Each structure stands twice: as C-alpha cells, then as structure tokens.
Number of protein chains: 4
Amino acid sequence: MAPAGRPGAKKGILERLESGEVVIGDGSFLITLEKRGYVKAGLWTPEAVIEHPDAVRQLHMEFLRAGSNVMQTFTFSASEDNMESKWEDVNAAACDLAREVAGKGDALVAGGICQTSIYKYHKDEARIKKLFRQQLEVFAWKNVDFLIAEYFEHVEEAVWAVETLIASGKPVAATMCIGPEGDLHGVPPGECAVRLVKAGASIIGVNCHFDPTISLKTVKLMKEGLEAARLKAHLMSQPLAYHTPDCNKQGFIDLPEFPFGLEPRVATRWDIQKYAREAYNLGVRYIGGCCGFEPYHIRAIAEELAPERGFLPPASEKHGSWGSGLDMHTKPWVRARARKEYWENLRIASGRPYNPSMSKPDGWGVTKGTAELMQQKEATTEQQLKELFEKQKFKSQ
Amino acid sequence: MAPAGRPGAKKGILERLESGEVVIGDGSFLITLEKRGYVKAGLWTPEAVIEHPDAVRQLHMEFLRAGSNVMQTFTFSASEDNMESKWEDVNAAACDLAREVAGKGDALVAGGICQTSIYKYHKDEARIKKLFRQQLEVFAWKNVDFLIAEYFEHVEEAVWAVETLIASGKPVAATMCIGPEGDLHGVPPGECAVRLVKAGASIIGVNCHFDPTISLKTVKLMKEGLEAARLKAHLMSQPLAYHTPDCNKQGFIDLPEFPFGLEPRVATRWDIQKYAREAYNLGVRYIGGCCGFEPYHIRAIAEELAPERGFLPPASEKHGSWGSGLDMHTKPWVRARARKEYWENLRIASGRPYNPSMSKPDGWGVTKGTAELMQQKEATTEQQLKELFEKQKFKSQ
Amino acid sequence: MAPAGRPGAKKGILERLESGEVVIGDGSFLITLEKRGYVKAGLWTPEAVIEHPDAVRQLHMEFLRAGSNVMQTFTFSASEDNMESKWEDVNAAACDLAREVAGKGDALVAGGICQTSIYKYHKDEARIKKLFRQQLEVFAWKNVDFLIAEYFEHVEEAVWAVETLIASGKPVAATMCIGPEGDLHGVPPGECAVRLVKAGASIIGVNCHFDPTISLKTVKLMKEGLEAARLKAHLMSQPLAYHTPDCNKQGFIDLPEFPFGLEPRVATRWDIQKYAREAYNLGVRYIGGCCGFEPYHIRAIAEELAPERGFLPPASEKHGSWGSGLDMHTKPWVRARARKEYWENLRIASGRPYNPSMSKPDGWGVTKGTAELMQQKEATTEQQLKELFEKQKFKSQ
Amino acid sequence: MAPAGRPGAKKGILERLESGEVVIGDGSFLITLEKRGYVKAGLWTPEAVIEHPDAVRQLHMEFLRAGSNVMQTFTFSASEDNMESKWEDVNAAACDLAREVAGKGDALVAGGICQTSIYKYHKDEARIKKLFRQQLEVFAWKNVDFLIAEYFEHVEEAVWAVETLIASGKPVAATMCIGPEGDLHGVPPGECAVRLVKAGASIIGVNCHFDPTISLKTVKLMKEGLEAARLKAHLMSQPLAYHTPDCNKQGFIDLPEFPFGLEPRVATRWDIQKYAREAYNLGVRYIGGCCGFEPYHIRAIAEELAPERGFLPPASEKHGSWGSGLDMHTKPWVRARARKEYWENLRIASGRPYNPSMSKPDGWGVTKGTAELMQQKEATTEQQLKELFEKQKFKSQ
C-alpha cells in the first residue's frame, strides 16, 4: 500500500479508467454530517473540517471501508463568496484529512470545486474564474491527485471551471447537476458533454439533483452527444440516494420535502445495486453517489461489481451479499429473506398510509434576476418570511 | 464537569428523575453501525467495540452532542450464549468507551442487558440468571452509573433480569419490546409494569419493536396498570424511529422490509418532536430511542423540550429550530420553508409510486418449540433455506 | 315461473335457507341512483319510486339479471318522520315495482324498514314502534314475502323493529350497521345477535357501514354469540362495496370522502368474489350488498358460488368468469389477462400519486344530545355552516 | 320541443358551436353497460341495442337528464368486420333509440363510427372506406343530425373516415384516441388536427385512452397545430373518467388494471368539474366523456358551466352544487362538507394501503404485423394462453 503523502505511488485516476477498472466514488458529506450534527442546513458549508475533524475523518474512513477509491476533499462551496476568509483554512485542512484516510487504502484524493453563488446574477467570467483559481491554488499546494468540478447547473460556468482547473496539469472530471432536460439555460446534456470535453475534461457526467434512474438517463444522453461529435471521455455518475420521480428540471431542491422530509425517499442497498449494474452496463466506470449516499450505499456498489473487480470492500466482512447474513436469524421467516430473489422483488412499504407517493415541486416562476432570488448576506427578516409564506400559500392552491 | 471514573460527582439517574428533570436517552447502535459498516445484520453483536473503537466512540460523541444524558454501553446481546468467550472483553471495552464519552458532557453511563436466546426453549431460571449475573459483574467492576434491562418479549424473563440486577445496589430500569397487546405470553402491559416494579425496577417502560405512537400507547397502559395497583415508578420510552402502523404484536421484525428495506419508514425530525412532546405530556421523563434513531432524532427530542429544560444541546449550533436555518437559502420557496407550520403540516411523499404504504407482517404460525424456531449454531444450509423459501411462497399466497 | 302476485308459489326465504340454499341479496339503490340522477344525497329518500319508476325498475331488473333472489322494496327511510305524508305512496309503489320485477325471475319481495331519525333524541318506544307499524301495514297490504329490519346502529331500536314486524307472521330478517366493536351504545355483536334472535328474528347479520372483510368479522362475532347462547339463526351479510380499513366504529359516513369522494375505494368484482367465498365458508347463506354494490358486484357473488348452486345468473352471458372473455382481445397482453391467477394477484393501482391510501375519520366528540346532532327540519343556515367549518378546521389540526 | 323524426327543428350542431354555445356530449356506454350486465368485455360490441333495448334507453335517458345535448348512437364497433350481418340491425335500432330519447329534450342525434379492426394489418383504403360507407348508409337512412368519427389511433385511417362521411353532407366531427405524443405512427397531435380539418371535419379533438388532464394537453397541441396552419375548427374532448398518469402512448388499455380493476382510478364529480372548466378555458365547446363517464360525471360538466349556459340540467334537482345537499345531514361533520372549498381541496384516500398508486403499462414490444397482434376469429386456445402467460411472466421481471 502506498504511504500517505506519496500519491504518485498509486495508479492515477486516468490510468485506472483507461485500463477499464471500475473506480468507486464516495458518498454524501453535507447531508450525512447534517444528520450527525456537524453541518448546518441552509448554509451547507464544510467548517466541520476544522471544528470537528474527528467526525469528518470518521466519515471518510467509512467510505474507504465501504470501497471508495476516491476521497473527495470536503470543500463543497468553501470559497471566498460563501465563507469569506475562513475558506482557505478549511480547504487546506480538508486536503490533509482526505490524504490521511486515502493513505489507509487504495484511494486517491480529489480536490473539488462547485458552482459559485454569483453566476446567476453576474456572469462575470473573470471574477468567477478568479474564485476557482484561488481554490485551485490550495489543491496544487496540497498536491491532490486529480480535480473535480461538480454541481453545475449551467454549462457555461462549468466550462469556465474546467478551463481554470486544467491549468494545473492534473486530470479534471466535470459533473453537472442536471437531468435529461439539460442545463438551466436549456442546453441539452449531449451538448453539455461536448463543451466540457472540448474545454479539457477527461471525465464527464452528472452528480446530485436527481435519482439514479434519471441520472443515468442523463449520462446516456451525454454519451450519445459525445459519440455524435466523435469525442471521447470517461463517464461518471454520482446521483442522489433519493427517489425523485416527481422532480422537474430543477431537481430535488424544489421538492416540498427538501431538506428535512426526504426520509421515505432514501434508496435501499438493493436499489443501489441495481443502479451500479445499470451504470456499468451503460459504460460508466466512475460510479459513486451524492446527497443521501451513506456508507452502506457505497458498499452496495462495490458488492454488485465484485464479480467484475474481483474483490469485496473491507466493510463486506460485516455484510452478507443479498442479505445472506440473515441465515443466522432466529425467526424462520427472517431466515427466508436471506436471498437475492426476496430483496430484488420486494415492493417495500412506506408505513405512511396518510401520505402520498409523489409531490408537486415548488418553483414559483420567479426568474433569473428577480429580487427574491438574490443571495442574501443576512438571514431573511420576519417581514420577508411573511411575504414568502403568503406567496407560498397562494401558489399551492 | 465531573471527571471520568467518578460518576458520583454527577447527579444520578434517580436524583434527576425525582427532581422532575427530563433525561434524554441515546439512539440506535446496531442498526446505525450496520449502515456505517461495523455490525453484521442477522448476528447483531457488538464486536465493533474492540474491532473498531473509533467508530463506536464517534457515535457516542454524536449522541452526546445531540443531547443524550445517557451513554448506554454497547453491549447488546453480548453475553455467553451469543458471543462465547469474546463477550467479556467486549463488555469491558464498551464500558470504557461509554465512560470516556460521558465524561465530556452531562451524561451517565448505563450498563445494558437484554433477553437471552435460550428463554424460549428452556425456561431455566437458574441458567438464565447466571447469564445475567456474569454480565452484571463486568458492569460492577467498571462501576457504571445505573443498569438497564431492555428488549424483553416476556415479562417473566424481564423479572428475572431485574431480580438479578438489583443485587448490585444500582438503580435499575426495565423496558420491554412489547406493544399494547402485551407480552408474547399475553400478559398485558399494565400487568407487566406491576411485576417489574414489584421485582425492584425504579424506571419502567418500552423500547424497540414499535413506532413512537404505538409505544406511547403501551407506556400509557403501563402507567394505568401502576396507578391501579397504587405503585410508583418513573416512565421511560425508547421506541423505533420507524413507522409501524402495520405491525402485529411481534413488532417490526416480522415486517417483510426488516432489516434491509426499512428506509421509507424512517421518522423525520418533526415526527420525533411530536413524539417527545407527547411522551412528556404523558409523564414520561426518560425519553430516548432505539433502532433507527440517528443523532438528529435525539437532537429533535432535546429541541422540542428545550423550553422545559432551559437549554439546547451542543449540536443545535448546527440546526435552526423548525428549519429556521433555511432562511439563508437562495431559492425563495426554500426560504419559505423556514417555519414550524410548514414542517408540521407537510405530508411528505415517498417518491415510490409503485409501492404500497403498508405491509402484511410475516409470522407463519410456527410456535414455541417448533424446530424451525431453534437458535442455530451454524448458518442455515442450502436445503433448509430452500424449504423456508417454499414455505414463504406458500404463506404469502 | 310463479306468476306475480302469488308469492306463495315460490319457495319462501326460510324454506330456502333451511334447505341450505344460497340466497343472493340485491345491491345499492340510494348511492347507485344518486349517480344516475334520481336520488338526492343528504336527504337519501326514495321518492324516485313515484317520480321515475322506469329508473327504479331498470335497477331492479339489473340486480335480478345479476342473480339476486331478493328484490328489496326501495323504501329506505321512507317513513313519516322523514318524508311526511308522501311516504305511504312511495312505499306502496315500491312494493309494486319490486313485485313486478321479482315475477320475472326466481326472486322474493322483501319489505324493508330502517332505524328512525328520532331514536337518538327520544327513546320513545311507543312512538317509534308506531312508525314501524305504519310501514308494516303497507307491506302487509302488498303481501311482501318477508321483512327486513336493516341499518340499525342501536340494538335496542332494532329489537323494537323486530318485535313490531313479527306481528305480521312473516319471516323477519334483522341486520345492524355495526362493526366488530358493536353497537353505538357499546353492546358487542354477539350480544346484539342474541337479543335480535330472542326478539323473533329468523335471520340476522350486518349491512352497510363497513367493507366486506370487516363486516364478516362482525358476523363471525354474532355467530359465536349465538353459539355461546345455544341459539340458532340464519346468517346474512350485506356490506359496503367500499374498502374501509380506516373507519372507526361509526363507519364510512365519518370518512372525509363520504359521500362524494368514495370512488377509489370501490371494490372490484374480484374483491367481491373473495368476499362471497369467505361469507360462504363462514356459514352465511344470505349474501348480498349495500351501498356501492352495483349489478356486476352481485353477479360476482353468483359466479363465485356457481359451483355450489349449480347455475350462473342471466347476466353471466355477458361475462366470462375470471376475465375469460378477454381471450378475444386484440392485444396479446390483454389476452394474457384472461385468467384467475392474473386478477387474483393483481395489486391494482389508484392512479392518484398525490393522494394517501387512508383517511382519518371525522367525528368531533359531539355526543348524544348535543344540539349540533339534532335532526334539522330546514337546511343549515349560512351562519351555522360557518360555525361548522371553523370547528372542522380546528379539529383537523 | 321538436318532435322525434324532425331533427331539423332543433338548432344544428354547427349552429350551436358557431354561436358560442357549450355542447355537452354524453358518456360511457360499453363500460357502463358491461357493469350493468349487458355488454361483454373483450368483444365490446353493442348487441344490447336489440337484446335489451330498455337498458340502453334508460342509459340514454340518464345522460339526457344529466345535461347531454348529444345522443350518440350506440353503434361502437358495430360494423361488418366485428359483428358480421347483425351489425345492420343493431345500427338501425341504435338510431331509433337515440332519436326517441333525444326527442325528450334538447339533444341531437350523432351517428358514430370508429377505427376498423383490419387497418393495422391491411392498409387497404378501398376496403376500409367501404366498411365506413356501409355504416353511413344506415345513418343517412335514419337521418341522424351529424356524424362522429371517433377512436382512431392512426390519423391516416381517421382521414379516410372523414372523407367518407362528408359525402353525406352532414357535419362531421373527428376525434382520435391519442395522447400528447401523437398517433401510433408518430404523427403529432397538431399535424393530426390539420389533416382532419383538411379532410373536411368541422369539429376535431380527442376521445378515450387518457384522463381529462392528459387529453386536454393533446387538444391544446391540436389547437396550436391548427393556429400555426391558419385553419379553423371547433374543439371537442371526450376523455376517460379514469386517472391515467402512468400510461404510455398507447393509453389505458395497456394498464395492468384494464378492464376489470380500474375502480380506484374513477374520477370524482369534482375532478370532472375541474376538467369542464379547463376545457372551457382552453376554448373547447363540445365537452363530453368516454369510458367511465357515468351520468353524474356528465351532470358535473353541466353544473360547472351553468353560469355560462344560464341553466342547470334536469338531474340537478337531485344534486346540490358542490355538495350543498349535505346541509341536511344529521351529523355536523357531514354538514360541514356542504361547500366547494371542502371538496376542491380534499385529497381522497383509496382505502387500499397494500396497493401502489401507479402501474407499469404492459406492451411487450410486439409490433405491427406480429402474429400475436392479429385479430382472432376464435377464442384463444389454452395453448396460446399458456404461451402468453409465460411471456407476461418474463416481461414483468
């Protein structure tokens, strides 16, 4: 095993993908650590890296143990526009944590950046690229193994990110949080993929905002776009672990249940095994997850693809494939659940007979530039909230 | 703050309850650590305590931070009948871990024992009490603050546990995993409560097997039973964080979704706030959770009862009550969710339109003494499994 | 076939039941004719008998054709307390219509009375028996074949009805609209059955208010009550064709969907075949339906029990058992539905993904004697409605 | 009122539509009479017209009373290819029945033809047009008021129908059973509309196969197609009364619940009022229904549009708008339902907690020309059915 601090000793991300290996990504940090008590919903910033490093380290460890080959630095939205001066310390510490844990297994460190909060008001290429460059400097200093530009709703901004990151000479992956309808300006997935590859990304795909099924539809459109343009890139998918059949093009944030009522939408490990198989069949080789992906979901990817990869992850010592561990249970009807056929065909119940199965997404037709959509520096006032409640009441009728 | 190892420096469990304080229990260990990769479903034993102490310590820390006043030793089913000689090391290490974390906040250490695997075949009082006494010896050596006998399906065995534990001179709490229909021999909850108190328990109630609503119904029946018998005890509830409107008297283990398809049943934080309030109104003052209770569920108890207690838990620094942190969100319709009325009235969707809301529990009428119900030493054979599958197929028609 | 007007020429109701024959009742008149445009919801009175006799005759014809052996006079709630003087003409005409259609097949005419609107305010035995006697006089004059006292929520009033009807010398059947919890004064089903038989009823059972499954549970309790008391009577069931798993003891009227949103609860023909079989197995030999039972539901009873009875109803010429008629369909996947296994195992979808599966019944704790429960002579005023709406709003929180 | 046989005395269909009147169509015959016992599912032919004219007349009467301005002859699929020689008698008798009832109110008689069973195997224009012409001859002889070509899945065949019918000189309406994705050859709705109008149809729109919401989407696309082509026609919609959010482009026949498990999908009267309003707002002036539309659904259209039309239908004497009749109910919580706000906002429950809300449509990829899709002359054999079941089993995995 390569010692920590000497990343070069491991096979790089492109080397792996080019040889046909499956690379397993990691899972959810913000949402998972919110539930563990270390991240604040609404802000969604990663200050836990410096405030509670043990909690962050433990989550990295769980993903490593579950089979992840990538430790993404916990730097989501940690840039000057969101966290002021604190962001730099957070990012440096996040790199160290990721490197420390990666060193304990066969994992690479990926430095991650995401869309800015200012793009939708000021499409100021220079200013936005400067934000990206600042983050890149930390990643270069800490010598991460590769870079990920993720969670972009607009391909234009994603292209700026890629253009900035390739200056480092490190491999660049780029994923957008879009569905089959394309980016929020209406650019279809196939076209998004083409632009990202032309900008220099070696790996492209989607992350967040939609469930595995919808996300793979989007990746398929991206793949077809590349083929039509005779371009090549590795494919990557990191979807939600939430079922979102009822989302519109803006994804799960507009669901009335976001972010504190998503529980009944969480995918089972069997849903994720199905996802892993379908992703693999589609040709995706970088397979991971985003919000809602707990360690056991990542393990499910590793278990589903164990025949192709030839090994199981460490955490499988505590898991029998397809429920086989249940054959030790006392009750015979629980023992009878110790098989693939049972879990694959079970239509699981919600236990919520007074609740519906689908929701109507919010999204009130407020458009780009509308005052209500401006990022605020301070908490919404009582008066502003009252106005919003009235508007919501009206919209839901 | 009292130093670890000198538990007496903190107010004891009875002192707290007698002064009317709310004591917040902790949450789920087996199920939560299974998802994190450290516990094997089917066996459900706590060897993680010695194999991966960091993972166990971190979970204790999260509950402490969420507001728990009790660190239960992670010793569930760790006794000679389930773990052979290893159990003793596990239990000693579990006590040390619990004490270490309890020392970082206002929490007590509770040593926990549960029903044996042999009661249903051999109602051998002497042999069973010996198993309990062995565990008690470790707790006495490690000087835990009080004792909990939990997860009993039969009041007779629970009484034996209480009778054994009180010999230590420490306060004893006793909870049964029963619903309003009573124990598996048909003893009603009120009668169970009476017997437990007469045996010496100072705190009685329910844990596991049923959702908060059903569990509080059971506690209410216990309370009424005590009142009718003119007995007094403190009330305790540690229910599932899963909705179980469809369970029969044997609880959630018989649900077809147990244990790998329970996701859509997970309670939201708002469900738990409702539970905390109802428990409080019923007079329950030891309020915690069992399987499925994550740190954010425990925090929800602490937040709901903050007006009565006068303070919030540490983890609330990362949580705005009733979603108030969302007032910083970019999208106005998400900001409009930053209030109690929204979350209290939302009927959350499952995102699973092809699934039902309720399940028919398994349980094939196999009865006490049936060979199929015997605890096995070895994994079920292929042939045995095949017979079970056939039986299951037949039963579900 | 016996000529109309000479009922004696057919085998009487008791003769049939005593010889072990299955007697198939009829179905829904008020609810079915409301949907066809001839009955007003809220009033629920049968003036259609004189206003639109063709519509009523046609519905009788459909039930006869579907296999009904009983034409109940369409006289539900047609008594002095509800319809003033008009009731007498309605009842006489209803008898003539029932007789006319019964004469076209193997059906008897049953005169029906139901609970009064005054019992819950004035338990005036003399006055109530007088109302029953007035109705009986018309039935005696029109020489119906037997009598049914149905839709009683209180066994005391049902007993008064039976005591009045047996004076005619005709066989008397008595059904209550209760569930397993018993009558609205808390008298359990077994005790209700005993009192009705002691009062002189030859046939007893339940009608309306609950679905087939729940209704058969109630009949089972009645049967056990009779057995315990060493009494004998024929059993009868005429449940709703609506699924009511969520009802409390007052039945479907308290469901928020009553009466204009019950559509998704309607039983399929396959649900009714299951009901017919279970009723038969329980020993019920008078098997029919109440609100929601359309002609095809009655046909389903006749088809399920065709092996026992030895013949199919006339309407089966237009129906293939278990969907066999579909074998002529163009699409192969529809042809593949032409079999029992398909329909028996299909979990039919509601097509309503934004709706729940269960409702919380209304019922605001207003009790007997409360002014709000008084039968009104005039339509509720605007002011009264406004007060009710406020109350409803408050209750549903 | 104009005497029967002199249709010219009433305002014609085009006269009405051109003056802006709302014309209310009728509802379901095949499905409704199947439930009443007079039509056989699978065959779906209207022999009841001669076998049981009273039953057909009564249904016409109910629609007239509910507000229908059109009595469609009950001649669906009554042509030589489906019914051999019998079809001619059926069609003549159907015209007489429709005329008889139309004469009792303000309704016109429309002669209806639909797609042939042979088009999908032999696109033989001459042979198909001959079938249409044969049917037209009866309608001409019986002097219907106008003609409807309905239930076409392919616009090419619909155009042939229109071209045949306009030879009569009578106004021609044409509706296709398609959704927003267009006809089964992929012709979009807008293009279908253009071709139908160019072929001579004065009224165009959709019927059957999809629910009101989806059907109005299709009509909107038709309207936009006509506008783009600068063509004019009156718009017509006669959708299902079943919710079909889960259908693919082939409509409700492919749902696993078709035709014997559609109960929980039936629209309420309130759903239909919403539909009537939306149809009206879209500019549709011929508003009716197809399969599943019972008389009370048609009445709901008439009631919703009463403000525009200035009058209520006869059957409204037995209905209080928006449940107002309930203000006479005994229970105060039922009286509280006597208002629009209540019914408009109620999310009605299905009472089926073990069932899903959506289904996956069948449709096995068998294509045009596949032997399995051929219309059969005789019932499917046991062997054929067995093969189909195996195929179905395989497909549903």
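This is a predicted model: local features need pLDDT of at least 70, side-chain atom pairs count only at pLDDT 80 or more; totals for chains, interfaces and linings use all residues.
An unreviewed UniProt entry lists "domain: Hcy-binding" for residues 11–305 of chain A.

Turning to the contacts between chains, chain A contributes 86 residues and chain B contributes 87 residues to the contact of chain A with chain B. On the side of chain A that touches chain B, at least two residues each come from helix 2 (30–36), helix 4 (53–66), helix 12 (295–304), helix 14 (332–335) and helix 16 (382–395) of chain A. Helix 4 of chain A provides the largest share of that side, six residues. Sorted by class, the side of chain A that touches chain B holds 39 nonpolar, 23 polar and 24 charged residues.

The contact of chain C with chain D involves 87 residues of chain C and 87 residues of chain D. Here the elements of chain C that each supply at least two residues to the side touching chain D are helix 2 (30–36), helix 4 (53–66), helix 12 (295–304), helix 14 (332–335) and helix 16 (382–395). With six residues, helix 4 of chain C gives the most to that side. The side of chain C that touches chain D is made up of 39 nonpolar, 24 polar and 24 charged residues.

Helix 6 (residues 86–102) and helix 7 (residues 125–141) of chain C pack at an angle of about 35°, and their axes are 9 Å apart. The crossing of helix 6 of chain C past helix 7 of chain C is right-handed. Helix 6 of chain C brings C:E88, C:N91, C:A92 and C:C95 to meet C:Q135, C:V138 and C:F139 of helix 7 of chain C. By class, this contact has four nonpolar, two polar and one charged residues.

The backbone also holds a few points of interest. Most residues other than glycine have a negative phi, and most peptide bonds are trans. In chain B, a cis peptide bond joins B:F258 and B:P259, with omega about -5°. B:P259 sits in the loop between strand 7 (234–238) and helix 11 (269–282) of chain B. The peptide bond from D:F258 to D:P259 is likewise cis, with omega near -5°, and D:P259 is found in the loop between strand 7 (234–238) and helix 11 of chain D.

C:H209 is not a glycine, yet its phi is positive, at about 65°. This residue belongs to the loop between strand 6 (203–207) and helix 10 (212–228) of chain C. C:H209 counts as buried because it has 27 C-beta neighbours inside 10 Å. D:W322, also a residue other than glycine, has a positive phi near 50° and lies in the loop between helix 13 and helix 14 (332–335) of chain D. With 21 C-beta neighbours inside 10 Å, D:W322 counts as buried.

Conventions
Residues are numbered from 1 along each chain as its sequence is written. Chains are lettered from A and ligands numbered from 1 in the order in which they are written. Two residues are in contact if their C-beta atoms, placed from the backbone, lie within 7 Å. Helices (H or I, at least four residues) and strands (E, at least two) are DSSP runs, numbered from the N terminus. Ala, Val, Leu, Ile, Met, Phe, Trp, Tyr, Cys and Pro count as nonpolar, Asp, Glu, Lys and Arg as charged, and the others, Gly among them, as polar. UniProt positions are given in the numbering used here, feature names are shortened, and annotations may be inferred rather than shown by experiment. Axes are lines fitted to C-alpha atoms, for helices over the stretch in contact, and angles run from 0 to 180 degrees between N-to-C directions. A crossing is left-handed if the near helix is turned anticlockwise from the far one by less than a right angle, and right-handed if clockwise. A residue is buried if 20 or more other C-beta atoms lie within 10 Å of its own, exposed if 12 or fewer, and partly exposed in between; C-beta atoms are placed from the backbone.
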